[in-house]
Structures are given as C-alpha cells and as structure tokens.
Amino acid sequence: MASVTLSGVRKIYHEGVEQVAVHEVSLGVKDGEFVVLVGPSGCGKSTTLRMIAGLESISAGTVKIGDRVVNDVPPKARDIAMVFQNYALYPHMTVRENLGFALKLRNMSAADINDRVKAAAATLGLEDYLDRKPRQLSGGQRQRVALGRAIVRQPQVFLFDEPLSNLDAQMRVSMRREIARLHQELKVTMIYVTHDQVEAMTLGDRIVVMNKGHVMQIDTPLNLYEKPKNRFVAGFIGNPAMNFANGTVEGGGPSRFVAEGGDWEINLPQRVASRLSGARGKAITMGIRPEDVTIVAGPRAAAATASARLDLVESLGNETFIYASAGKHDVTARVSPQSLPPIGSKIFLGFDLEKAHFFDAVSGERIG
Ligand SMILES: Nc1ncnc2c1ncn2[C@@H]1O[C@H](COP(=O)(O)OP(=O)(O)OP(=O)(O)O)[C@@H](O)[C@H]1O
Ligand SMILES: [Mg+2]
C-alpha cells in the first residue's frame, strides 16, 4: 500500500495547437484512502489518472507513489493496477486463465498463481465461473473478472477509469457496492474517475471536483454538498441541481435579496444578512437546493417567500419534484407528496435561507 502525491502536475498536449489538458493539480492521496476524480467530460480526469499510471508523460510537476518520484518510472514498475471502462478480457481464455495471465507473465509459480486466483475469485464471487469463457458471462460478471485481474496483482494502488459505465443502471449500483466492499476489505489506496456524481458521492472518502483542467475543490462528500467553494461545485454536486438566482443585497430597512429584474425579493434573516454585509450592492448569486424550497400557502412578509407559476410536477412516489418560475428564474423544489393546484397556477415558494448559499456573481467564489 502507498500514498500518491501530485504536486503542480500539468499536462500540455502538443498536437497541432498547444492545449493545456490539466493545469497544476496538487493532491495528496493518503495510504488506503479512496479518492474520486469527478467532473464533466473533457475536464482532465482520465489524463490525470493516466499520468499517475505512467501511460501519459507529465509536462510539469511531480507524481510520487509512496516516497518515490515516478515521473520517469515506466508503468510496469509503478506497482499499480488500472481498470478501464473498456476492459478487454481474452475471449479464448477461461476466467481462471484471464485472472492468472498477468502473474504468469511475471513467471510466478503455478501453485502461487492458483492461490491468488482462488482468493480473488472468492472475494468477487466468481468461484463458480472459473472454467467459463468471457462470452458465457453476464456484463457484471465480466466486469468482476476485470476487477479480479487487478486484484490478483496485489498492487499498491488501484486506478479506475469509469469502470462501470458500460453496465446497465442496476448492475452499476451493485458493482458500485462491490467496489466499496473491496476497498474496505483490501484497505488499498484507490483513485477512481467518474463523471457520475452519485458514484463519486457514494464511493469517495474524498472527492476532487475538476473543471476545464482545474481542480475546483477537494473535500469529503458532505462538505462538497454543504459548503461548495464555488458556484461550479454547487451546481455540479446534487441532483436535481441547486437553484441559482442572480441579484443584489439591498439595505434600507431589513436586508433583502432582490432578484435580477426585480420580479421578486426576499427578506434575509439577521444571521444571513450579517454574513453578506460585505457584499451589499454587489452582484451576487443565491443558490438554494431543491430540498430547501417548499410550497407555502401564501406570501408572508417576514419570511422568505416568492410568488411563482407552477410549470411541471414529477411525482416519484416517495417524493415530488416541482418546477416553477419566479419571474424569469426557474426554481425546482423537492417536496413530500402532496396535492397540488393545476399546472399554470400561481403558487408561493418558501426558501429556507439558513441553508442558502451565496456566491460572487463574477468570480463564482463562495461568500461568507
Ligand atoms: N492525446 C491527446 N491529444 C490532444 N488532446 C487530448 C488528448 N487526450 C485528451 N486530450 C484533451 O484533453 C482534455 C482532457 O481529456 P480527458 O480525457 O482527460 O478528459 P476526461 O475528463 O477524462 O473526459 P471524459 O469524461 O469524457 O472521459 C480534453 O479536452 C481532450 O480533448
Ligand atoms: Mg475520461
């Protein structure tokens, strides 16, 4: 087992025009930690992982595995195992042969290979399939064989690049649990790339949110959710996504948030107002999660309410998503099942402002 340390790691591709795929990533993954890299397509997740694996050269900065700088160490000598989205199993080999192949290449004795293959098969519930060929397996079983090939090597670090994206939704959930269990059992350092924020939130001890080659925030799942550092993270983590409204904080009487366009305004509780005192008059963005928006019976001057038009209702059984427009702002609310007026009706939204987030409208950085 080992830690993985990235210091100022950059990747510049020089194909045609110069393109910076990864700007200055610094990240310390502790021994035994499970870290997830997440972000939209093209943000540099795979490139970062491939630099750790040694499959991509490093343009600047250093990558350390344990105490050793590995910038110039070939992939084979880094003591890592990587599982990709497109794991290619050898079709003509049985599961047993697929699992043992890398060990055979290392000239390990047949008895030792057998031991490791048996142990990995037991961990992954593949004992009954060892003599089958890949085409005789389900997608999830094949994915487990791909994981097994990494496990038998007993690497210091596991690297995963979207290993579940070829599986159907149900299989993904069950494989996600397998991987979480595997991490608990093996206690090995794991770095996992995904664009799926649910996978990131459920698997990671810590999550690295990336955008356009930059690290936006490195934090625990709960901190990312509750204290996003900037508007990008706030909008990326959480489903349905956080609601945003641009506006200004106005004084002159009780402090109010006045939405852009002046369609609605809400009074700010004292605690929130004092957090925002430095931002008075400046353009800010209010963010509020759908679960912190409710439907209220009518306007209340003292509380944070806004009138809105009911646009769409999605009933999921255990909860209901409400899509409404307050002036030109779309607002999503996540509420418990309840009877609602017809689409197009005027409703009143209540905002739990103690839970609201505020960002500088220009820089996107969190305020307060
Ligand atoms: N070999 C290459 N040459 C030039 N540019 C590349 C190369 N590989 C990747 N890129 C660019 O680098 C950026 C980061 O790519 P990367 O594959 O790391 O993204 P990603 O976050 O893994 O995205 P996805 O979720 O789609 O897999 C992209 O803009 C991509 O076009
Ligand atoms: Mg990728």
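## Contacts of leucine 349

In this predicted model, leucine 349 touches Val293, Ile295, Thr305, Ala306, Ala308, Ala324, Ala326, Val331 and Ala333, leaving aside residues up to four places away in sequence.

## Nonpolar core

Leu349 belongs to the largest nonpolar core, which has 94 residues. Val36, Leu159, Ile191 and Val209 are listed with Leu349 as the residues with the most contacts inside this core. Both domain 1 (4–235) and domain 2 (240–360) give residues to the core, so it lies between them. In soluble globular proteins, nonpolar side chains tend to be buried together.

## Domains

The domain assignment of the protein gives two ranges, domain 1 (4–235) and domain 2 (240–360). Taken over C-alpha atoms, the centres of domain 1 and domain 2 are separated by 40 Å.

Across the boundary, 5 residues of domain 1 are in contact with 7 residues of domain 2. On the domain 1 side, the touching residues divide into 2 nonpolar, 2 polar and 1 charged.

## Arginine 289

Arginine 289 sits in the loop that runs between strand E14 (283–288) and strand E15 (293–296). Arginine 289 counts as buried because 21 other C-beta atoms lie within 10 Å, the cut-off being 20 or more.

Not counting residues up to four places away in sequence, arginine 289 touches Gly238, Met242 and Lys355. Serine 46 is 243 residues from arginine 289 along the chain, and the C-alpha atoms of these two residues are separated by 30 Å.

Note on methods: Residues are numbered from 1 along each chain as its sequence is written. Chains are lettered from A and ligands numbered from 1 in the order in which they are written. This is a predicted model: local features need pLDDT of at least 70, side-chain atom pairs count only at pLDDT 80 or more; totals for chains, interfaces and linings use all residues. A nonpolar core is a set of buried Ala, Val, Leu, Ile, Met, Phe, Trp, Tyr and Cys residues joined through C-beta atoms within 7 Å. A residue is buried if 20 or more other C-beta atoms lie within 10 Å of its own, exposed if 12 or fewer, and partly exposed in between; C-beta atoms are placed from the backbone. Domain bounds come from an automatic or database domain assignment. Two residues are in contact if their C-beta atoms, placed from the backbone, lie within 7 Å. Helices (H or I, at least four residues) and strands (E, at least two) are DSSP runs, numbered from the N terminus. Ala, Val, Leu, Ile, Met, Phe, Trp, Tyr, Cys and Pro count as nonpolar, Asp, Glu, Lys and Arg as charged, and the others, Gly among them, as polar.
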